[in-house]
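Notebook open, structure loaded. I want to jot down what I look up, one entry at a time.

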Amino acid sequence: MNLEDLKDRLVSDARQTWERVQDSAAYNQLRDRYENMTPAMQKLTSVGAIAFVAFAILSVPYSYYSQSQDYVGEFESKRMTIRELLKVSRESSDVPQIPQAPSMDIIRSNIENQIKSANLLPEQIKGTEVLDNNSQLVPKNLTEGVLQVSLAKLNVRQAMDLGYQLQNINPSVKLKDLVITANREDSRYFDVVYKLVALAVPEAPQIPSEPTKRSGGIRDRLKNRNTESGDE
């Protein structure tokens, strides 16, 4: 069917539909009422009918346009959400993995070795002590323990150097508190208390590897099948 035949068919169908409408009782009643109206009312009715038809025709593309705007807004919202998720994923992947903290005994031994290497006098070393985590800054379930290091009669340089060394003992060991007070015997020196917290870093989840028995079983079946075909 070419374009001309389709056009003729549409015109014929439209003509038949219009004839059926003219033969209907409702159309005749409306026509009689329209003819009995004054010219002003007829003009007003014609304008209203034209406006109604125009509104009906324009409402269809407008509904599609409004729906497309909703789809575009939903798409933009989801795209922004995906961008934020990708940004958070990249930022989380860039964060270095913190290793597991060693036991408190090992941390204590390392700290004592650091103090000995600082060439402090015996009266300057007050000792180390393992304490309970009573801080609200770090929850108890996220710590292995707290170690307190007490030193006396340190100068400013010694206090700074030891604090830096203790802070870098292990990535999972952090300096939580630092208390510096002037020494009672000599105000030129300071008594320093370091409090270190060992973080309880959870282990990274391990990706389960494929069982070797399965691959071995497949290889055995293939080998047996090749052997049987060779015997035949």
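Predicted model: local features only at pLDDT ≥ 70, side-chain atom pairs only at ≥ 80, totals over all residues.

**Entry 1: Gln148**

I started with Gln148, which is buried at a relative accessible area of 17%; buried means under 20%, exposed over 50% and partly exposed in between, with a 1.4 Å probe and protein chains only. Residues are numbered from 1 along each chain as its sequence is written, and side-chain values use heavy atoms, with hydrogens and water left out.

Gln148 sits in strand 2 (helices, H or I of at least four residues, and strands, E of at least two, are DSSP runs numbered from the N terminus). I listed its contacts (heavy atoms within 4.5 Å), skipping residues up to four places away in sequence: Gly127, Thr128, Glu129, Leu131, Val193, Tyr194 and Lys195.

**Entry 2: helix 4**

Which residues of helix 4 are buried? I found Met104, Ile107, Ile111 and Ile115. Looking down the axis, the buried residues of helix 4 stay within an arc of 75° (directions from the axis to the C-beta atoms), so they line one face. On the face turned away from the buried side I get the exposed Asp105, Lys116 and Ser117. The cover over the buried residues includes strand 1 (125-131), strand 2 (143-154), helix 5 (156-167), strand 3 (173-182) and strand 4 (190-199). Just after helix 4, Asn119 has a positive phi of about 60°.

**Entry 3: salt bridges**

How many salt bridges does the whole structure have? My search gives 7, counting a side-chain nitrogen of Lys or Arg within 4 Å of a carboxyl oxygen of Asp or Glu.

- Glu185 and Lys153 meet at 2.7 Å, N to O. The pair links distant parts of the chain, 32 residues apart: Glu185 is in the loop between strand 3 and strand 4, Lys153 in strand 2. Glu185 is exposed at 66% relative accessibility, whereas Lys153 is partly exposed at 30%.
- Lys78 and Glu74 have their closest N and O atoms 3.2 Å apart. Both lie in helix 3, 4 residues apart, about one turn.
- Arg188 and Asp186 pair at 2.9 Å, N to O, and Arg188 is exposed at 61%.
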